[in-house]
Amino acid sequence: MRTVFIIAKREFRLFFVSPAAYSVSVMIFLILGGIFFINIYFGLRGGQIAPDGRMVISPLVTILLFATPAITMRLLADEQRMGTIELLLTSPVRIWELVVGKWLGATGFMMLILGVTWIYPIIIHRMTNPGIDQGVLIAAYLGLVFMISAMLAIGTFISSLFNNPIPAFFITLTLMLFLWIIGGLGSGSGTASEIASNLSFVAHYYDNLYRGVIDLGDLVYYMSLTIISLFLGTQVLESRRWR
Amino acid sequence: MIKVEGLTKFYGDFPAIQDLTFNAKRGEILGFLGPNAAGKTTTMRILAGYMPPSSGSVRIAGFDVLEESLEVRRRIGYLPETVPLYPEMSIWEYLEYMGSLRKVDNLDKRIDAVIDEVNLGDRERSYIGNLSKGLRQRVGLAQALIHQPEVLILDEPTIGLDPAQIIEVRELIQGLGQERTILLSTHILTEAQQICDRVIIINKGRMVAEDTPENLQSQIAGATKIIVRASSETRELVELIETMPQKMDVIAGDSEGEVMISAAPGLDIRPLLARKILDAGLDLLELRTTGISLEEIFLQLTQSEDKDEGEE
Ligand SMILES: Nc1ncnc2c1ncn2[C@@H]1O[C@H](COP(=O)(O)OP(=O)(O)O)[C@@H](O)[C@H]1O
Ligand SMILES: [Mg+2]
């Protein structure tokens with residue numbers, strides 16, 4: 001377990017010198033900041049700001065679909081490209097420790113970014129009276145934590161398949177968009193659309209957590225995605241050694 | 001310390017190494033000498049626990065490399081052929097990372113010691129991305145030594161270095177060999193002769209010879225090449241001789257119906273050859289031997305190496 005943290009720590013620190021991670025964070029804060037201030041501006045002109053701390057969340061979710069692949073693309077692909085995985089796997093590191101460590105480092109970094117976005121609800125809270133509904137906000141952020149973890153785990157898994165970050169980026173992006181769009185198919189009735197909405201990445205978020213409803217099923221969905229993806233990533237690296 | 005038996009590795013259905021059996025004692029520097037594509041890297045990777053063999057077994061310090069992989073990996077230091085480093089880390093950070101993954105006690109002290117050992121004293125804060133090839137090689141060695149392993153596996157540690165750097169690294173390795181078992185691969189004959197206590201020669205995935213550099217020199221120098229000419233097409237003759245059970249290399253000679261055979265030293269196969277050819281209903285026109293030197297063998301080996309590199 002200590003090994004996981006050592007790997008996660010290196011990965012986490014690496015994000016602070018990584019151009020991709022910088023671009024992603026700058027993009028997130030520019031777009032969110034822009035949306036936020038436009039909202040505040042028109043709110044003030046209209047004389048009223050809605051006491052809702054979530055105005056930046058749905059743009060954030062959209063950005064995350066594109067940001068996640070950029071964050072995860074090199075996690076395992078680069079180790080395989082540079083051959084450094086050869087040293088990791090010939091030192092007493094188990095493959096799952098490597099995969100989980102990589103994912104944890106990326107998750108830590110994204111949690112930091114997520115934490116910073118909390119500024120926006122705090123500002124709204126100050127500007128409105130009686131302030132925002134903290135319960136709803138906390139549920140919405142809790143949901144984000146779980147959703148981001150799952151997205152990063154999927155990206156980690158895809159990264160294990162490649163020796164080059166670029167295809168890892170595009171495949172992860174495609175998969176993210178698929179899991180997102182599939183939710184649109186779930187709006188009808190019948191078994192097919194029920195399955196679709198059960199698989200959907202965002203349906204699990206917007207239907208409950210975003211509204212302040214913490215449903216165990218949704219959390220289990222994201223957790224299963226996370227665990228399955230990390231498991232698959234481990235299996236991929238394991239099988240690549242046997243070739 | 002190292003015990004390898006019947007080691008075989010197939011990539012798909014291509015055999016990269018076949019039936020390698022050898023041992024290395026504590027404190028020994030064992031050289032693994034062979035041309036490009038001989039199977040050196042494949043063997044090193046299996047020994048280091050990076051990939052499993054198709055068949056055969058490896059025991060290092062008494063532990064099976066497959067069954068007790070973690071125990072083996074704790075006890076070896078490994079320098080892969082292309083030294084894998086993280087360019088964005090400083091030498092110190094890198095060694096700290098590798099050392100902590102290996103759970104080294106008193107890590108700071110060990111890093112200092114190992115940086116001293118490989119003469120990187122003044123560079124420890126330099127970023128790896130800015131280092132010369134020679135310095136990177138030393139960082140790779142430092143990484144392999146950080147946990148004071150009983151066994152060191154070095155895959156072509158001097159490849160791509162300039163002559164001055166080569167001498168430095170060789171001296172470094174010789175110094176290390178006094179305390180631990182070192183397995184070192186190389187395609188340079190003089191390197192093996194210079195550093196190693198014992199040398200294994202492999203070619204096309206098979207062991208060709210194994211001895212001390214001195215014995216090898218005299219033994220191989222005495223080995224012979226046989227030239228055979230018969231009333232047949234060269235191709236047919238080659239095929240015929242290759243059906244014989246003895247291990248030998250058969251190549252086409254200068255004229256039609258002529259082949260050159262290099263057999264393992266110590267076995268005179270001339271009577272067997274003569275019988276084989278006559279039994280096949282051919283006329284034997286010529287059967288003679290020519291001497292062959294170690295240098296000549298290696299000229300051949302390096303020639304095939306150049307050809308391989310050209311194809312890549
Ligand atoms: N991953 C691989 N997949 C398929 N063939 C390989 C692989 N690695 C090595 N080979 C082949 O196996 C043979 C031995 O390679 P290698 O062990 O790298 O030799 P050396 O290190 O002596 O140059 C070569 O013919 C090479 O092309
Ligand atoms: Mg090699």
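The legends below describe close-up views of a predicted model. Residues are numbered from 1 along each chain as its sequence is written, chains are lettered from A and ligands numbered from 1 in the order in which they are written, and side-chain values use heavy atoms, with hydrogens and water left out. Because the model is predicted, local features need pLDDT of at least 70 and side-chain atom pairs count only at pLDDT 80 or more, while totals for chains, interfaces and linings use all residues.

**View 1. The shell around ligand 1 in chain B.** The residues that surround ligand 1 are B:Tyr11, B:Phe14, B:Ala16, B:Pro35, B:Asn36, B:Ala37, B:Ala38, B:Gly39, B:Lys40, B:Thr41 and B:Thr42; a residue is near a molecule if one of its heavy atoms lies within 4 Å of it. By class, 6 are nonpolar, 4 polar and 1 charged (Ala, Val, Leu, Ile, Met, Phe, Trp, Tyr, Cys and Pro count as nonpolar, Asp, Glu, Lys and Arg as charged, and the others, Gly among them, as polar). At least two residues of the shell come from each of β2 (14-24) and α1 (40-47) of chain B; helices (H or I, at least four residues) and strands (E, at least two) are DSSP runs, numbered from the N terminus. The largest share, 3 residues, is that of α1(B).

**View 2. Positive phi at B:Ala37 and B:Asn106.** B:Ala37 is not a glycine, yet its phi is positive, about 70°. B:Ala37 sits in the loop between β3 (29-33) and α1 of chain B and is exposed, with a relative accessible area of 58% (buried means under 20% relative accessible area, exposed over 50%, partly exposed in between; 1.4 Å probe, protein chains only). B:Asn106, also a residue other than glycine, has a positive phi near 45°. The loop that holds B:Asn106 runs between α3 (91-101) and α4 (107-117) of chain B, and B:Asn106 counts as exposed at 57% relative accessibility.

**View 3. The salt bridge between A:Glu79 and A:Arg10.** Side chains of opposite charge can pair when their charged atoms come close. The closest N and O atoms of A:Glu79 and A:Arg10 are 3.8 Å apart; a salt bridge is a side-chain nitrogen of Lys or Arg within 4 Å of a carboxyl oxygen of Asp or Glu. A:Glu79 lies in helix α4 (residues 74-82) of chain A and A:Arg10 in helix α1 (residues 2-14) of chain A, so this pair ties together parts that are 69 residues apart in sequence. A:Glu79 is buried at 1% relative accessibility, and A:Arg10 is buried at 8%. Over all chains, the structure holds 23 salt bridges.

**View 4. The salt bridge between B:Glu210 and B:Arg198.** The two side chains meet at 2.3 Å, N to O. B:Glu210 is in strand β10 (residues 206-211) of chain B and B:Arg198 in strand β9 (residues 198-203) of chain B, so the pair ties together parts 12 residues apart in sequence. B:Glu210 is partly exposed at 34% relative accessibility, whereas B:Arg198 is buried at 14%.

**View 5. The salt bridge between A:Arg94 and A:Glu97.** The closest N and O atoms of this pair are 3.2 Å apart. A:Arg94 is partly exposed, with a relative accessible area of 37%, and A:Glu97 is buried at 2% relative accessibility.
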